[in-house]
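Q: Please show me how to read a protein model, one feature at a time.

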Amino acid sequence: MLVLVAPGQGAQTPGFLTDWLALPGAADRVAAWSDAIGLDLAHYGTKADADEIRDTSVAQPLLVAAGLLSAAALGDISEIAPGAVAGHSVGEITAAAFAGVLDDTAALALVRKRGLAMAEAAAVTETGMSALLGGDPEVSVAHLEKLGLTPANVNGAGQIVAAGTMEQLAALNEDKPEGVRKIVPLKVAGAFHTHHMAPAVDRLAEAAKALTPADPKVTYVSNKDGQAVASGTEVLERLVGQVANPVRWDRCMETFQELGVTALIEVCPGGTLTGLAKRALPGVKTLALKTPADLDAARELVAEHAQQA
């Protein structure tokens with residue numbers, strides 16, 4: 001069984017859309033999306049520097065656009081025929097489009113509003129996120145709570161992401177949990193999936209009222225608890241609430257395993273989720289769509305899955 005996944009904020013790098021925009025029809029598609037949401041996605045994906053694309057209001061729609069564009073280059077979703085789809089944090093909106101809950105334009109309009117609302121919430125207090133590599137999850141979570149930090153992403157494979165104020169994160173660097181070998185600051189501009197994002201939830205809920213979600217056409221696995229969600233309305237409700245609640249990617253991977261995953265493809269800018277899967281899902285074939293040069297190998301993996309099915 002093939003799982004198609006979409007990465008979250010922090011996966012973006014300067015110029016990462018350049019090669020994708022050279023594919024037939026890609027520039028026109030991105031131009032239409034840009035017009036629809038009032039953001040020059042092509043500029044930010046090809047010419048902007050790291051600081052510009054770190055801006056939450058830019059990074060989030062850029063990531064969703066990249067995921068949709070790279071998946072379309074791989075084939076129609078009915079041709080890819082994933083057994084399940086999921087996304088990490090903002091990647092959940094990309095996954096909702098894969099599942100047919102939202103069309104591409106609606107997904108991009110929603111993520112544009114999400115990014116703006118979260119950027120506004122993040123501006124209230126200087127906050128950030130850092131990844132803890134290694135250590136025992138229970139020990140790390142207890143230590144974070146002692147420092148006033150939130151375990152905002154429980155990613156599995158020995159990785160937890162802490163979120164909070166810059167002072168709290170500085171204290172974490174000076175006082176690591178036992179067993180944690182490294183702490184890595186993330187390329188994000190706020191403490192996402194924490195109480196700091198509560199104002200953005202209300203803004204996003206208002207935006208969601210204008211949408212008419214369809215029920216997922218393929219199994220949609222939610223960050224909230226790793227459960228498969230069969231109702232489009234519930235998917236949308238979860239997308240709204242998830243902004244201020246922890247991402248449980250560990251439970252998503254457990255669900256992939258229960259469903260019988262044999263292969264996992266991560267759309268552009270891939271790498272983060274395949275890295276986690278390699279450690280947490282031994283024996284599962286993984287592939288990250290980083291550039292169009294990866295498409296042939298991805299198509300082979302899709303074909304192999306189809307033959308197994």
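A: Start with a pair of strands. E1 and E9 pair in the parallel sense over four bridges. Helices (H or I, at least four residues) and strands (E, at least two) are DSSP runs, numbered from the N terminus. Two strands pair if DSSP finds at least two bridges between them. This is a predicted model: local features need pLDDT of at least 70, side-chain atom pairs count only at pLDDT 80 or more, and totals for chains, interfaces and linings use all residues. Residues are numbered from 1 along each chain as its sequence is written, and side-chain values use heavy atoms, with hydrogens and water left out.

Q: In E9, what is the bridge partner of Leu-2?

A: Strands of a sheet pair through backbone hydrogen bonds, either parallel or antiparallel. Here Leu-2 is bridged to Ala-263 in E9. E9 also pairs with E10, in the parallel sense, over four bridges. There, Ile-265 has Leu-287 in E10 as its bridge partner.

Q: Which way do the residues of E9 point?

A: In a regular strand the side chains alternate between the two faces of the sheet. From E9, Ala-263 and Ile-265 point one way. Leu-264 and Glu-266 point the other way. All of these are buried. Buried means under 20% relative accessible area, exposed over 50%, and partly exposed in between (1.4 Å probe, protein chains only).

Q: What does Ile-265 touch?

A: Contact means heavy atoms within 4.5 Å. Leave out residues up to four places away in sequence. Ile-265 then touches Leu-2, Val-3, Leu-4, Val-5, Leu-74, Leu-287, Leu-289, Ala-298, Leu-301 and Val-302.

Q: How many residues has the largest nonpolar core?

A: In soluble globular proteins, nonpolar side chains tend to be buried together. A nonpolar core is a set of buried Ala, Val, Leu, Ile, Met, Phe, Trp, Tyr and Cys residues joined through side-chain atoms within 4.5 Å. The largest one here has 81 residues. Tyr-220 and Ile-265 have the most contacts inside it. Helix H5 (residues 56-74) gives the most to this core, with ten residues. A second, separate core has 18 residues, including Met-1, Val-221, Cys-252 and Leu-276.

Q: Which residues of helix H14 are buried?

A: H14 spans residues 272-280. Its buried residues are Leu-273, Thr-274, Gly-275, Leu-276 and Ala-277. What covers them includes strand E1 (2-6), E4, E5, helix H13 (249-259), strand E9 (263-266) and strand E10 (285-288).

Q: In what order do the four strands of the open sheet come?

A: The order is E4-E5-E3-E6, and the pairing is antiparallel. Strand E4 (150-156) and strand E6 (180-185) stand at the edges. Each has a single partner strand, so one side of each is left without a neighbour in the sheet. Neighbouring strands of this sheet are turned by 25° against each other on average, direction ignored. Axes are lines fitted to C-alpha atoms, for helices over the stretch in contact, and angles run from 0 to 180 degrees between N-to-C directions.

Q: How many bridges join E3 to strand E5?

A: Seven bridges join them, and the two run antiparallel. Thr-127 stands opposite Thr-165 in E5. Leu-132 stands opposite Ile-160 in E5. E4 and E5 pair in the antiparallel sense too, over five bridges. Their hairpin has two residues between the strands, and Ala-157 takes a positive phi near 55°. E5 itself is mostly covered: seven of its seven residues are buried.

Q: Is Ala-131 buried or exposed?

A: Ala-131 lies in strand E3 (residues 127-134). Ala-131 is buried, because its relative accessible area is 5%. Leave aside neighbours within four places in sequence, and Ala-131 is in contact with Gln-159, Ile-160, Val-161, Lys-182, Ile-183, Val-184 and Leu-186.

Q: Is Glu-237 buried or exposed?

A: Glu-237 is in helix H12 (residues 232-241). Glu-237 counts as exposed, because its relative accessibility is 54%.

Q: At what angle do helices H2 and H8 cross?

A: Two packed helices are described by the angle between their axes and the distance between the axes. The axes of H2 (residues 26-37) and H8 (residues 104-122) come within 10 Å and cross at roughly 50°. H2 and H8 are therefore oblique to each other. Angles under 35 degrees count as roughly parallel, over 145 as roughly antiparallel, 65 to 115 as roughly perpendicular and the rest as oblique. At the crossing, Trp-33, Ala-36 and Ile-37 in H2 meet Asp-104, Thr-105, Leu-108, Ala-109 and Arg-112 in H8.
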